[in-house]
Amino acid sequence: MKIRTLTRMALLTAAALILGYIDSLIPLVPSVPGIKLGLSNLVLLYAVFYMRPVETVILMFLKVGLSSLLFGNAVGALYALAGGVLSVAAMLLLHRIPHVSVIPVSTIGGILHIVGQCAVGCVLISYKPVLFYAPWLLISGTATGLLLGVATRGAFYGIERYERRTGV
Amino acid sequence: MERQGDNRRNVRNWILTGAAIGFAALAVVVCLLLRPKTGAADRFVIRYGDGESLTVPAWETRTIVIRDGKLADEANGEGAENVIHIENGEAWMEQANCPHKECVKQGVLNAETVQSRPLGTWIVCAPHQVYIEYAGGVE
C-alpha cells in the first residue's frame, strides 16, 4: 500500500471516529436507542467514490472496530458490523452502475445499514421487539441517508471543482 | 445530446432513490401490520444472559439486579449491570452502566405507555443483552 493511501486512510479513520463520537452526543429520539445522524458514514461515502473497494472495506472494519473499542462494546460491534458490511457492499455495487450519483448510493446504504442491524437484533433478541423498533430505524435511516447524500453531493462538487482548478 | 445524457442519468438516480424509499416504506408498513397489538398485561418477562428469563407478576414490588448476564443480590456498579424495578404494574430500568444508558431513557412500561412507546411492550438494553417485555396482554 502506498504511503499516500496509507496516510489518507489514517486521516479518514480519525475523521470517522471523531464524527462517530459527535454523532453519539446528538440524541435524535432519546426513547429510541440507535437513531443517529450517521455522520461517520460521510467518510465511507467518500471512500466508495474516491478510493479502491478493498480500501473502503478496510476503512469500514477500522471504523467499526475502533469505535466499538473506544465508545461501545462487543454486542454493539456486532450490530455495527452487520449494518456496515451490508451497506458498504450495497454502496460499492451501486457505485459500479455508470454515472450513479451519491444520493441513491447514500440512501440505499442508510436503509441497508438498518436492515443489517435488524437482522442481528432478530438473531440476538427475537423478532418481536424488532417489529416495534424497525419502523423508527427505517424512517430515520432513510431520512439521514438521503440528507447525507445531498450534503455529500455538494462536497463532491466542491472537491471536483478544486481538482479541476489545481490539477491535483 | 449531452443534455439528453444528463437527463437520463438524473432519471436513473431518481428511480434508484425512489425505489429505495419505496422499499423502506413497504418494510415499515409490513412491520406495523405484523407487530402484535398490545393491551393490559399481567406480568413482566425479563430476558438476560444466555437465553435465561425471569417472569415477575406485574403487581409485585421488586428490584432485580442483573450483572454480567446473571441475577445478582444487589447493585455494586461493577461488570455489565442493570437494575430493574417493578411496582404497581409498572417496570422501568432504574440504573445501568451501559455506554449510553439508552435503556434508562426508554422510560416506564405499563398498560398505558405501551400504546404510545416507540418500542411498544419492550425495554431493550442492547449492549448488555437485557430485555424487559410487558407480556400477557398481546392480542
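## Lining of the largest pocket

The residues that line the largest pocket divide into 10 nonpolar, 5 polar and 3 charged. The structure is a predicted model. In total, 18 residues make up this lining. Those nearest the centre of the pocket are Val100(A), Ser101(A), Val102(A), Arg153(A) and Asn13(B). The space in the largest pocket comes to about 520 Å³.

Which elements give two or more residues to the lining of the largest pocket? They are α5 (102-124) and α6 (127-166) of chain A, together with α1 of chain B. The largest share comes from α6(A), with 7 residues.

## Extent of the contact between the chains

The size of an interface is often expressed as the accessible area that is lost when the parts come together. Between them, chain B and chain A bury about 3,100 Å². Carbon and sulfur atoms account for 74% of this buried area. On the chain A side, 37 residues take part in the contact, and on the chain B side, 34 residues.

## Polar contacts and salt bridges

How many salt bridges are counted between chain B and chain A? The count is 0. Polar contact, with both residues at pLDDT 80 or more, is found for 3 residue pairs between chain B and chain A.

## The chain B side

Four stretches of chain B each give two or more residues to the side that touches chain A: α1 (2-34), α2 (102-105), β7 (122-125) and β8 (130-135). Of the elements on this side, α1(B) gives the most, with 14 residues. The helix α1 of chain B also gives two or more residues to the lining of the largest pocket.

By class, the side of chain B that touches chain A holds 19 nonpolar residues, along with 9 polar and 6 charged ones.

Methods:
Residues are numbered from 1 along each chain as its sequence is written. Chains are lettered from A and ligands numbered from 1 in the order in which they are written. This is a predicted model: local features need pLDDT of at least 70, side-chain atom pairs count only at pLDDT 80 or more; totals for chains, interfaces and linings use all residues. Side-chain values use heavy atoms; hydrogens and water are left out. Contact means heavy atoms within 4.5 Å. Buried area is the accessible area (1.4 Å probe) that two parts lose on being put together, summed over both. A salt bridge is a side-chain nitrogen of Lys or Arg within 4 Å of a carboxyl oxygen of Asp or Glu. A polar contact is a pair of N or O atoms within 3.5 Å; within protein, one must be able to donate a hydrogen and the other to accept it, and residues adjacent in sequence count only if both atoms are side-chain atoms. Ala, Val, Leu, Ile, Met, Phe, Trp, Tyr, Cys and Pro count as nonpolar, Asp, Glu, Lys and Arg as charged, and the others, Gly among them, as polar. On a 1 Å grid over the protein atoms alone, a cavity is a set of points where a 1.4 Å probe fits but cannot get out, and a pocket is an open set with protein on both sides within 12 Å along at least five of seven lines; lining residues have an atom within 4 Å of a point. Grid points are joined across faces, edges and corners, and a volume is the space filled by probe spheres set on the points.
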